[in-house]
Amino acid sequence: MLSRSAAGLYWMGRYLERASHLSRLLKQQTESLVDSPPRDIYFGWHRIYGALEREPHTGALELDSDDLFTLVDSFTLTDDLTFEPTNPDSIRTCFVQGRENARQMRHHISAEMWTCLNQSYLRLQDMEIQDIWLRSPENFYAETAAQIDTFRGVTSSTLYRDDAWHFVQLGNYMERTQLSASLLIAQIAAVRLFEIPADAYWTSLLRHYYAFEAYNRASSAAIEPDRVLGLIVTNAQLPDSLSLSVSQLCREVTAVGPGPDAESTARTRSQAEYIRQLVKAEWRGAADGHTLLRKIRSGCRQLHDLVTETYFDYPVMAPVAGRAGGHDQ
């Protein structure tokens, strides 16, 4: 597979995973606008922007106890995260970039995948914040997340299990692992900032990870932050747990096969295994989960750099007779 094809499929997977993650967070956040106090609403915005590691284009977030100003701020922040074209993390930007990568890779994806993704893109193309705000924005985000889930299902049902499939999945799990670590870091930081160990803050995190029922089965009714984090990080049966995401990431790193340079390939696989050990072995004995999560996020960034170096931006090399599994530049 050409390196530019591998990179396009990988980034398509990353952008759509990012859009899905943000859609689910914004669904929760817009639902909270109905009857939550301003402090809880601002907690949610701090968590989202902290997870994205950015500030709103309007400046730093400041708590305002006035309900009207809270609603005005929420309108502006929702627009920034959904439709703002200059925000590289906005849902619209993610769809534009994901579709553009898919367009360039039409010969590697199925016709059904292209149709599904194109329909989702066209739905967003002419929308503005007023179009969703006057009705029920939470339904818009639920529908957007559902459309991405549909695209994943179409991909699973129609895409041939060759390198194209594995690079899409590698992008998915790279993004999911990094976003999960960032969200948990932001959760801890926001709780410390607001200095209120409210159960609702941790319950909303459990619901984001589809883990609320699993937590109730495994723990007492009381919400204990350390138990919540432990479940989300280590439980490999949760569909979006950090443990499962890392395991799938390691599997895809191996499945794409070796790159042109054996040493670079070895470094990439070693880094993936290092992240797995951080989650599986070090978490249970860690005294400071926040620090370990930062190590996991940093490890993901290093792994992305290694994947780029190994499969996308490697130096042009003379062909070696008998070499198998390489990716042509």
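Let me start with serine 241 and its contacts. Leaving aside neighbours within four places in sequence, serine 241 is in contact with Ile232, Asn235 and Ala236. This is a predicted model, so please hear every value as computed from it. Serine 241 sits in the loop between α11, residues 225-234, and α12, residues 242-255. Is serine 241 buried or exposed? Serine 241 is buried, with a relative accessible area of 0%. A polar atom of the serine 241 side chain lies 3.1 Å from the backbone nitrogen of leucine 244.

Next, isoleucine 188. This residue belongs to helix α8, residues 163-194. With a relative accessibility of 9%, isoleucine 188 counts as buried. What does isoleucine 188 touch, not counting residues up to four places away in sequence? The list is Leu229, His290 and Leu293. Take histidine 290 from that list: isoleucine 188 and histidine 290 are 102 residues apart in sequence, but their C-alpha atoms are 7.1 Å apart in space.

On to helix α9, residues 199-208. Seven of its 10 residues are buried, so α9 is largely enclosed by the rest of the structure. The buried residues of α9 are Tyr201, Trp202, Thr203, Ser204, Leu205, Leu206 and His208. What covers them? The cover includes α1 (3-32), α2 (38-52), α8, α10 (212-218) and α11.

Just after α9 there is a backbone feature to point out. Tyrosine 210 takes a positive phi of about 55°, although tyrosine 210 is not a glycine. Tyrosine 210 lies in the loop between α9 and α10, and at 47% relative accessibility it counts as partly exposed. Glutamate 53 is another residue other than glycine with a positive phi, near 55°. Glutamate 53 is in the loop between α2 and α3, the latter being residues 67-82. At 42% relative accessibility, glutamate 53 counts as partly exposed.

Now a helix pair. The axes of α4, residues 91-104, and α5, residues 111-125, come within 10 Å and cross at roughly 145°. The crossing of α4 and α5 is left-handed. Which residues make the contact? From α4 they are Ile91, Arg92, Phe95, Val96, Gly98, Arg99, Ala102 and Arg103. From α5 they are Trp114, Leu117, Asn118, Ser120, Tyr121, Leu124 and Gln125. By type, the residues of this contact divide into eight nonpolar, four polar and three charged. As background for the spacing in those lists, an α-helix has 3.6 residues a turn, so residues three or four places apart point the same way.

Last, the cysteines. Cysteine 94 is buried, with a relative accessible area of 0%. For cysteine 250, the closest cysteine sulfur is in cysteine 300, at 9.5 Å, again too far for a bond. Cysteine 250 is buried as well, with a relative accessible area of 5%.

That is where I will stop.

Technical notes: Residues are numbered from 1 along each chain as its sequence is written. This is a predicted model: local features need pLDDT of at least 70, side-chain atom pairs count only at pLDDT 80 or more; totals for chains, interfaces and linings use all residues. Side-chain values use heavy atoms; hydrogens and water are left out. Buried means under 20% relative accessible area, exposed over 50%, partly exposed in between (1.4 Å probe, protein chains only). A disulfide is a pair of cysteine sulfur atoms within 2.5 Å. Axes are lines fitted to C-alpha atoms, for helices over the stretch in contact, and angles run from 0 to 180 degrees between N-to-C directions. Helices (H or I, at least four residues) and strands (E, at least two) are DSSP runs, numbered from the N terminus. A crossing is left-handed if the near helix is turned anticlockwise from the far one by less than a right angle, and right-handed if clockwise. Contact means heavy atoms within 4.5 Å. Ala, Val, Leu, Ile, Met, Phe, Trp, Tyr, Cys and Pro count as nonpolar, Asp, Glu, Lys and Arg as charged, and the others, Gly among them, as polar. A polar contact is a pair of N or O atoms within 3.5 Å; within protein, one must be able to donate a hydrogen and the other to accept it, and residues adjacent in sequence count only if both atoms are side-chain atoms.
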